[in-house]
Amino acid sequence: MDMKKDTTDDYEIDALKERVKELNCLYSLTNVVKDKKLPFDESLQKIVELVPPSWHYPNIACARIIVDNKEYKTKNFQATKWRQTSDIVYDDKKIGSIEVCYLEERPEIDEGPFLIDERRLLDAISDLLGKYIGETKIKKELVKVEKIIKETDNEKKQDWEVIIDLLIKTDPRTLLRLTRKMVY
């Protein structure tokens, strides 16, 4: 009876350690995303490096993020048949993917050699990346629009024209809602 209790306790402790690694990954990812001084490419590189230590077998894990045909990967990255992938989506469009691979075979668990909680973590990371990348693109568009406004100061575009241009480029759904309300 004591043997079963010890085994159960060990399993629960191991499970808790895995959750702590996952939480640390999310906390660190949040800190990277919040750091406004960090360049975009450097942010994605830091994020990809946060992923492997959070997996069950961190010593043989590697990761890659692909966004806009640009690749960010850990130094040891190799595509293998032991992989988990999640699409990075923004505004209902796939804008990239994140992938975690094991470099060696491991026993089958929930999803190949991966835990079900690792699937959830990978999907959470891809959701956060989608929001981060989308917001970054919008901020770049805003900077471009502000630059255009300053350059075309002689032409004096109306405020509403600038707003419409911005919405056309960044958020057509909001533009559609706005125009409907204006019509009504």
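User: What makes up the protein chain in terms of helices and strands?

Analyst: The protein chain has 5 helices and 4 strands, where helices (H or I, at least four residues) and strands (E, at least two) are DSSP runs numbered from the N terminus. Along the sequence the elements follow the pattern α-α-β-β-β-β-α-α-α. The model is a predicted one, in which local features need pLDDT of at least 70 and side-chain atom pairs count only at pLDDT 80 or more, while totals for chains, interfaces and linings use all residues. Residues are numbered from 1 along each chain as its sequence is written, and side-chain values use heavy atoms, with hydrogens and water left out.

User: Why is Q84 called buried?

Analyst: Buried means under 20% relative accessible area, exposed over 50% and partly exposed in between, computed with a 1.4 Å probe on protein chains only. Q84 has a relative accessible area of 0%, and is therefore buried. The residue lies in strand β3 (residues 83–90).

User: What makes the pairing of Q84 with W55 a polar contact?

Analyst: A polar contact is a pair of N or O atoms within 3.5 Å; within protein, one must be able to donate a hydrogen and the other to accept it, and residues adjacent in sequence count only if both atoms are side-chain atoms. The side chains of Q84 and W55 make such a contact at 3.1 Å. Contact in the wider sense means heavy atoms within 4.5 Å, and, leaving aside neighbours within four places in sequence, Q84 is in contact with residues including W55, I98, F114 and L122.

User: Why is a set of residues called a nonpolar core, and which residues have the most contacts inside the largest one?

Analyst: The name applies to a set of buried Ala, Val, Leu, Ile, Met, Phe, Trp, Tyr and Cys residues joined through side-chain atoms within 4.5 Å. The largest such core has 29 residues, and those with the most contacts inside it are L44, W55, I65, L129 and I133. Helix α3 gives the most to this core, with 6 residues. Not counting residues up to four places away in sequence, L129 touches L44, I47, I65, I88 and I98. In soluble globular proteins, nonpolar side chains tend to be buried together.

User: How many residues of the protein chain are buried, as a percentage, and what share of the contacts with a separation of 6 or more is between residues 24 or more positions apart?

Analyst: Buried residues make up 33% of the 184 residues in the protein chain. Of the contacts with a separation of 6 or more, 58% are between residues 24 or more positions apart.
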